[in-house]
Amino acid sequence: SSSGSPHESFAAWTAALWILTEMVNRCEQVGQDSLSAWPAPDAVTYATCARACERVALWEHAVELLQSMVSKQLMPTSSSLNAILGACDKAYQWELALLWLNTARRKNLDNVVSSNAAMSACVKGREWALALSLLAHCSAVLLELNSVSYSIALNACEHGTTWQTSIQLLLAMHASKLPADAGDMRCAIRMLGKARKW
């Protein structure tokens, strides 16, 4: 589960990758023999392994998994792409996150999870304007945002824009009936304090 320790997460990733490797190797040894006890890995298998990589921020391995998946003529899924974007986010790889988000968009597999991960990666990479532009794109294409989307954007506002933008985001959250948590409110208050708008 997501509440496991880093050691447990790494152990889970290692086990998942070992199982996938065994599946691939044994399938190659027996070809398409239907009697093989090891089924060929499918898109779900790859996505599951990619999510294991995401939990320990091993974005390189997540990318390798997707490339292997494509080489075996398996279509990427939104789950596998979300996992890669999540791994890029955790590893502060904002440029790669944007590349994979564009891949997801071209395949019509982008969603609020993939967009949030790319936004978060941009914030961690101090690319605050890019994070806000991703939020604007989501709104423009009518992608339904959630509280996490706005929280990430508010964090970007605190570093790279004006206090008015943070207020506009809070108003947009309210209009969408999305709750603002204590962190969101503290972020807006800090913005107002810096601008001396008390």
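How many residues does helix 2 have, and what distance does helix 2 reach from its first C-alpha to its last? Helix 2 has 13 residues and reaches 19 Å between those two atoms, close to the 18 Å expected at 1.5 Å a residue; the expected span is 1.5 Å times one less than the number of residues in the helix. The model is predicted, so local features need pLDDT of at least 70 and side-chain atom pairs count only at pLDDT 80 or more, while totals for chains, interfaces and linings use all residues. Residues are numbered from 1 along each chain as its sequence is written, and side-chain values use heavy atoms, with hydrogens and water left out.

**Overall fold**

- The chain comprises 10 helices and zero strands, where helices (H or I, at least four residues) and strands (E, at least two) are DSSP runs numbered from the N terminus.
- Along the sequence, the pattern reads α-α-α-α-α-α-α-α-α-α.
- The chain has 198 residues, of which 40% count as buried; buried means under 20% relative accessible area, exposed over 50%, and partly exposed in between (1.4 Å probe, protein chains only).
- Among contacts (heavy atoms within 4.5 Å) with a separation of 6 or more, 61% join residues 24 or more positions apart.

**Helix 2 and alanine 43**

- The buried residues of helix 2 are Ala43, Thr45, Tyr46, Ala47, Cys49, Ala50, Ala52, Cys53 and Glu54.
- Alanine 43 lies in helix 2, which covers residues 43-55, and counts as buried because its relative accessibility is 17%.
- Beyond residues up to four places away in sequence, alanine 43 touches Met69, Leu74, Met75 and Thr77.
- Alanine 43 and proline 76 are 33 residues apart in sequence, and their C-alpha atoms are 6.8 Å apart in space.

**Helix 3**

- Helix 3 (residues 59-71) has 13 residues and reaches 18 Å from its first C-alpha to its last, close to the 18 Å expected at 1.5 Å a residue.
- Trp59, Ala62, Val63, Leu65, Leu66 and Met69 are buried in helix 3.
- These residues cover an arc of only 155° around the axis, and therefore lie on the same side of helix 3; the arc is that of the directions from the helix axis to the C-beta atoms.
- Just after helix 3, glutamine 73 takes a positive phi of about 60°.

**Serine 80**

- Serine 80 is found in helix 4 (residues 78-90) and is buried, with a relative accessible area of 2%.
- The side chain of serine 80 reaches the backbone oxygen of threonine 77 at 2.9 Å.
- Apart from its neighbours within four places in sequence, serine 80 is in contact with Ala47, Ala50, Leu66 and Met69.

**Methionine 191**

- Methionine 191 lies in helix 10 (residues 182-195) and counts as buried because its relative accessibility is 4%.
- Methionine 191 and tryptophan 163 are 28 residues apart in sequence and 5.3 Å apart in space, C-alpha to C-alpha.

**Cysteines**

- The structure holds zero disulfides, a disulfide being a pair of cysteine sulfur atoms within 2.5 Å.
- Cysteine 49 counts as buried at 5% relative accessibility, and cysteine 138 is buried with a relative accessible area of 2%.

Note on methods
Polar contact = N/O pair within 3.5 Å; in protein donor to acceptor, adjacent residues only side chain to side chain.
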